[in-house]
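Biologist: Let us go through how the parts of this protein meet. Show me the model, please.

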Amino acid sequence: MSILLYSAKGSNSSERVEWALNFKQIAYDRIEVSSNELTTTYLDINPFGYVPALSVDGLIYSESMAIIEYLEERFPNPSLFGKNLDEKTHIRRVCEYVNSSIHSPQNRTVLRFLRPQLCEQSKRELRGDWIMQCLKKLSSSICLKSGFAVGGDFSAADIFVASIYKKALLHGCERDDFYDGYLEYLLENESVKLSEPQRC
């Protein structure tokens, strides 16, 4: 089986998929897509012009949530969607909140279209502030049964939440005690720590 992950430096969505692949111990090759390629040759792979895209034996899948759900169906162990329907539903709720309510509005492409007058530094600050404002709303409904976002095990919800918090820190946001403690708890788990994507 040939699995290729098309990714780009700084892509939060790509990090999610890479973390899922690593945690499930699925062998793959990572292909870095340049900014220029996103608007030219890469469009033959994903007409949306976004990363990630996943090629499995030549079949192309896009959108991080769809890819991770595909991986869960194709490679069910270890699971990233909980032990029962209740956990699965709450995991999807958290993922959707991060993906739709937090990530999409602060997306670089969206801001470039809606707020073209802002300089890059102002955009970074706006993106970081938006992420943290939304994460504060989320904090009261996660980590209720353990240090993991939902239930007692690492899940797709943790991948989405941890990745977007780290993105806020990259934008220069102040660290948050709740989410710092949350990240610390996640990385105490050896499998989670070893599977976390690393960026130089």
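Biologist: How many salt bridges are there between domain 1 and domain 2?

Modeller: This is a predicted model, where local features need pLDDT of at least 70, side-chain atom pairs count only at pLDDT 80 or more, and totals for chains, interfaces and linings use all residues. Residues are numbered from 1 along each chain as its sequence is written, and side-chain values use heavy atoms, without hydrogens and water. Domain 1 spans 3–74 and domain 2 spans 85–195, with bounds from an automatic or database domain assignment. A salt bridge puts a side-chain nitrogen of Lys or Arg within 4 Å of a carboxyl oxygen of Asp or Glu. Between domain 1 and domain 2 the count is two.

Biologist: Which residue forms a salt bridge with K166?

Modeller: The closest N and O atoms of the pair are 2.7 Å apart. The partner of K166 is E15.

Biologist: What area do domain 1 and domain 2 bury between them?

Modeller: Buried area is the accessible area (1.4 Å probe) that two parts lose on being put together, summed over both. Carbon and sulfur atoms carry 59% of it here. The total is about 1,600 Å².
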